[in-house]
Amino acid sequence: MSSEFRGTTICAVKKDGKIALAGDGQVTVGQSVIFKSNARKVRRLYNDQVVVGFAGGVADAFTMCEKFEEKLTQCGGNLERAAVAMAQMWRGEQSMRQLESQMIVANKESLLVLSGSGEVIDPDEGVIAIGSGGNYALAAARALTENTDLSAAEIAEKALRIAASICVFTNDHIIVEEV
């Protein structure tokens, strides 16, 4: 059995001036063991002004989150500058290039993805999802955004519930944070 801890889905939706991030709580060891069902992978940073959600290897995700929080503080809370500084560090430091993780970061104005290759991505249409159930959550969130009047938080949560019903690495212990 692999000792790699993985398994999560994070979905973010920007709608009507609000941005919501939802994340499930499952941590999986290898391909078949649920190690933890209520992990918290969506968090608030920088005086609760920034919300982050992370997916990938657990230790890598925690490291990445800590490094991003440092960059956020260094950049005075400027999300875009912190994301670019993080990407530069990711590309420049050998230890950072080894991290297998992704993050979605958001404040009241911006929604960005920090990819495992050190890129900063502004998602199309204000909807993005990462992690093992990311494609399921993304499809659900896009459909809900286009065809319902639900709020950003409601869409993000429902998209995660749909992903949890399809993806064995995603569960229904969902945390939603909105900025």
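Met 64 is found in helix H1; helices here are DSSP runs of H or I with at least four residues, strands are runs of E with at least two, and both are numbered from the N terminus. This is a predicted model, in which local features need pLDDT of at least 70, side-chain atom pairs count only at pLDDT 80 or more, and totals for chains, interfaces and linings use all residues. Residues are numbered from 1 along each chain as its sequence is written, and side-chain values use heavy atoms, with hydrogens and water left out.

Is Met 64 buried or exposed? Met 64 is buried, with a relative accessible area of 0%. Buried means under 20% relative accessible area, exposed means over 50%, and partly exposed lies in between, using a 1.4 Å probe and protein chains only. Leaving aside residues up to four places away in sequence, Met 64 touches Met 86, Trp 90, Leu 99, Ser 101, Gln 102, Met 103 and Leu 114, where contact means heavy atoms within 4.5 Å. Take Met 103 from that list: Met 103 and Met 64 are 39 residues apart along the chain, and their C-alpha atoms are separated by 8.0 Å.

Met 103 also leads us to the largest nonpolar core. Of its 21 residues, Val 52, Phe 68, Met 103, Val 105 and Leu 114 touch the most other members. A nonpolar core is a set of buried Ala, Val, Leu, Ile, Met, Phe, Trp, Tyr and Cys residues joined through side-chain atoms within 4.5 Å. Two or more residues each come from strand E7 (50-56), helix H1 (58-74), helix H2 (79-92), strand E8 (101-106) and strand E9 (111-114). H2 gives the most, with six residues. A second, separate core has 19 residues, including Ala 20, Ala 152, Ala 159 and Leu 160. In soluble globular proteins, nonpolar side chains tend to be buried together.

Not counting residues up to four places away in sequence, its contacts include Leu 21, Lys 41, Cys 65, Phe 68, Met 103 and Val 105.

Now step back to the whole protein. Its secondary structure comes to five helices and twelve strands. The radius of gyration is 15 Å, close to the 16 Å that the globule rule gives for 179 residues, so the protein is as compact as a globular protein of that length. That radius is taken over C-alpha atoms, and the rule is 2.2 Å times the number of residues to the power 0.38. Of the 179 residues, 51% count as buried. Among contacts with a separation of 6 or more, 60% come from residues 24 or more positions apart.
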